[in-house]
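Here's a protein chain to look over. Take a moment with it, and then we'll walk through some details together.

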Amino acid sequence: MSEKKEPGVWEGFKAFLMRGNVVDLAVAVVIGAAFTNIVNSLVKGVINPLVGAFGTKDLDHYRSCLKSPCETNAAGEVVNGIPILWGSVLSAVLSFLITAAVVYFLMVLPMAKYLARVAARRAEREGTKEVMEVTELEVLKEIRDALVAQRGSGPYKQ
């Protein structure tokens, strides 16, 4: 009797890594990390100055004091009180929304349209193939009927 050898841990790990979706995920993570730098630069270089036109120069400086008085030292560290740093949360939310919008409008939406076109073309080709098969079948039936009719009325009757 031959025993089935179970794949080892290394072979399973290798098979896992060689799957296409794992490689795609790794590429997506690397591109996402690079794209995060672009979005953060956009927020710090464009959004923050626009907000600075109406208030402080940086969103990170927007805060409220939960327990008064909030006092900071020269380095900007809180010495007394409990601050709520809602400006940094707002900055992170803006970064997320910008990232999500760019990914959706530049990647997801065009890919969905492309896949819809490919599916429509495939369906159209399959529909044409079915029509061709039906037409071919009809022609073959006509040939058969003509041969039967010819055999029945021709000089070679049996």
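How many of the 158 residues of the chain, in percent, count as buried? The figure is 8%, where buried means under 20% relative accessible area, exposed means over 50%, and partly exposed is in between, using a 1.4 Å probe and protein chains only. Keep in mind that this is a predicted model: local features need pLDDT of at least 70, side-chain atom pairs count only at pLDDT 80 or more, and totals for chains, interfaces and linings use all residues. Residues are numbered from 1 along each chain as its sequence is written, and side-chain values use heavy atoms, with hydrogens and water left out.

**The overall layout**

- The chain has three helices and two strands; these are DSSP runs numbered from the N terminus, with helices being H or I of at least four residues and strands being E of at least two.
- The chain exposes about 13500 Å², and carbon and sulfur atoms supply 66% of that; accessible areas come from the Shrake-Rupley method with a 1.4 Å probe, and for residues only the protein chains shown count as cover.
- Take the contacts (heavy atoms within 4.5 Å) between residues at least 6 apart in sequence: 34% of them join residues at least 24 apart.

**A nonpolar patch on the surface**

- Val23, Val27, Ile31, Tyr104, Phe105, Leu106, Met107 and Val108 form a nonpolar patch on the surface, with about 780 Å² of accessible area together.
- What gets a residue into a patch is over 30% relative accessible area and no salt bridge; like charges are joined within 9 Å, and nonpolar side chains (Val, Leu, Ile, Met, Phe, Trp, Tyr) within 5 Å.
- Helix 2 (20-52) and helix 3 (86-153) each supply at least two residues of the patch, and the largest share, five residues, comes from helix 3.

**Aromatic pairs**

- Searching the whole structure turns up two aromatic pairs; rings of Phe, Tyr and Trp (its six-membered ring) pair if their centres lie within 6.5 Å, and planes under 30 degrees apart count as stacked, over 60 as edge-to-face and the rest as tilted.
- Trp10 and Phe13 make a tilted pair, because their ring centres are 6.1 Å apart and their planes sit at 40 degrees.
- Those two are three residues apart in helix 1 (residues 9-18), so about one helical turn separates them.
- Trp10 is exposed at 61% relative accessible area, while Phe13 is partly exposed at 43%.
- Tyr104 and Phe105 form an edge-to-face pair, because their ring centres are 5.1 Å apart and their planes are at 80 degrees.
- Tyr104, which belongs to helix 3, is partly exposed at 40% relative accessible area, and Phe105 counts as exposed at 51%.

**A salt bridge**

- The count comes to one salt bridge, that is, a side-chain nitrogen of Lys or Arg within 4 Å of a carboxyl oxygen of Asp or Glu.
- The partners are Arg144 and Asp145, whose side chains meet at 3.1 Å, N to O.
- Arg144 is partly exposed, with a relative accessible area of 48%, and Asp145 is partly exposed too, at 42%.

**A buried serine**

- Ser91 sits in helix 3 and counts as buried, at 13% relative accessibility.
- What does Ser91 contact, leaving aside its neighbours within four places in sequence? Val43, Leu59 and Asp60 are its contacts.
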